[in-house]
Amino acid sequence: MQSGDPCPETNVTRPMTSLSDQRQSIFAKAHMAGFRHYLRTGVFPQEALNVMEATQSDAAMKAAFNAFLAKTGPQEDSPGHITGKYIWRTRGDEKVRPSHAALEGQVFSWDNPPAIGHPGEDHNCRCMAEPHLEGIDPSKLKEFYTETLIHAPRDGEDTWGTLRMLEHYFRANGRPVTLEEIGQLNAVIRYTQYEVIDEHGQSITDRVVGDFSDRIRQMKPGPFADDFSREYDFESLIFAHGESTVAGDVSGTFSKIGSFLIFTIVIDYKFKDVFFDPVDAQQLFGFEFEPGIPYPVTGSWRTRIEAVVREDREKSKYRYKEK
Ligand SMILES: [Zn+2]
């Protein structure tokens, strides 16, 4: 998945030429997305209301649309990769496989990966893609990032709704489930990339980029590895999820060019939640149940983020902002 993919609910990826022509359909899509959300959760989301309200005037629509574009990763004129090429870097320790060690220092094109794939794509690969800066004019750089999905288990065919989640709670003795088993991994990944989760207009991925931009601003260029773990509210995705932990092991490398930092990181995301009865089923249905047993819901996936950020934190749109 490229982060330039259209948002599944809104399906807008390029600047509109005729705002008035588009307003009706955007209104309808926002209304439909809001209604689907309402069916799942019982709440009509504020986001959808904002978009619907904005369709009432061209100026408001344009502002809402630009805000939407600004949040969803690369602009249309951004290249898919920050540089066309990268230098293969291994961790340089004894765990590096010989086939990966053989690639150390070689230059590859993003369009033409070696047989084992780009760094991080082979199973458990910890290698890094150092941006190849030759021929890059720092005066032409702009801040942006892209996120590409490298590995994720496939979702099962069934998507569990609230009742299925409850049934498991009452009948399965607390057996843990994975997001792919309940058919929600893809939705959770999309959510981390596209859903605005704070008042700064940021998605979870925006916060990861801001966080690591801040961390490397304190470091000397080169390889780095670190992790993060934060709690997020996934309730709007499905009723069953409340406060969930999104954690990640991050490794990558960064370079400095002009007043910019360019980094490539691979993130092993880990999602963790515990399902409790969210509605108090006993009250809802009005009779006694055997008590249910809470069960863990977990998921993992791997992505690569490439980013260009300003070294000067104050001039950058990528910095860690508290919720
Ligand atoms: Zn490797």
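The secondary structure of this chain comes to 8 helices and 9 strands. Helices here are DSSP runs of H or I with at least four residues, strands are runs of E with at least two, and both are numbered from the N terminus. Residue numbers start from 1 along each chain as its sequence is written. The model is predicted, so local features need pLDDT of at least 70 and side-chain atom pairs count only at pLDDT 80 or more, while totals for chains, interfaces and linings use all residues.

Of the 323 residues, 33% count as buried. A residue is buried if 20 or more other C-beta atoms lie within 10 Å of its own, exposed if 12 or fewer, and partly exposed in between, with C-beta atoms placed from the backbone. Contact means that the C-beta atoms of two residues, again placed from the backbone, lie within 7 Å. Among contacts in the chain with a separation of 6 or more, 69% are between residues 24 or more positions apart.

Now the cores. A nonpolar core is a set of buried Ala, Val, Leu, Ile, Met, Phe, Trp, Tyr and Cys residues joined through C-beta atoms within 7 Å. The largest one has 40 residues, and Val209, Leu261, Ile262, Phe263, Ala307 and Val308 have the most contacts inside it. At least two residues of this core come from each of strand 4 (144-151), helix 5 (162-171), helix 6 (185-194), helix 7 (204-217), strand 7 (243-257), strand 8 (260-275) and strand 9 (295-310). Strand 8 gives the largest share, 10 residues. A second, separate core has 7 residues, including Tyr86, Ile87, Cys125 and Cys127.

What does Val308 touch, leaving aside residues up to four places away in sequence? The list is Ile82, Leu141, Lys142, Glu143, Phe144, Phe260 and Ile262.

Tyr145 lies in strand 4. Tyr145 counts as buried because it has 23 C-beta neighbours inside 10 Å. Its C-alpha atom is separated by 9.0 Å from that of Asp206, 61 residues apart along the chain.

On to helix 5. Its buried residues include Met165, Leu166, His168 and Tyr169. These four cover an arc of only 160° around the axis, so they sit on the same side of helix 5; the arc is that of the directions from the helix axis to the C-beta atoms. Leu163 and Arg171 are exposed, on the face turned away from the buried side of helix 5.

Just after helix 5 comes Asn173, with a positive phi of about 55°. Most residues other than glycine have a negative phi. Asn173 lies in the loop between helix 5 and strand 5 (177-178). Asn173 is exposed, with 9 other C-beta atoms within 10 Å. Asn124, also not a glycine, has a positive phi of about 60°. Asn124 is placed in the loop between strand 2 and strand 3, and is exposed, with 9 other C-beta atoms within 10 Å.

Three strands form an open sheet in the order 2-1-3, with antiparallel pairing; two strands pair if DSSP finds at least two bridges between them. Strand 2 (107-109) and strand 3 (128-131) are at the edges with a single partner strand each, so one side of each has no neighbour in the sheet. Strand 1 (residues 85-89) pairs with strand 2 over 3 bridges. The bridge partner of Ile87 in strand 2 is Val107.
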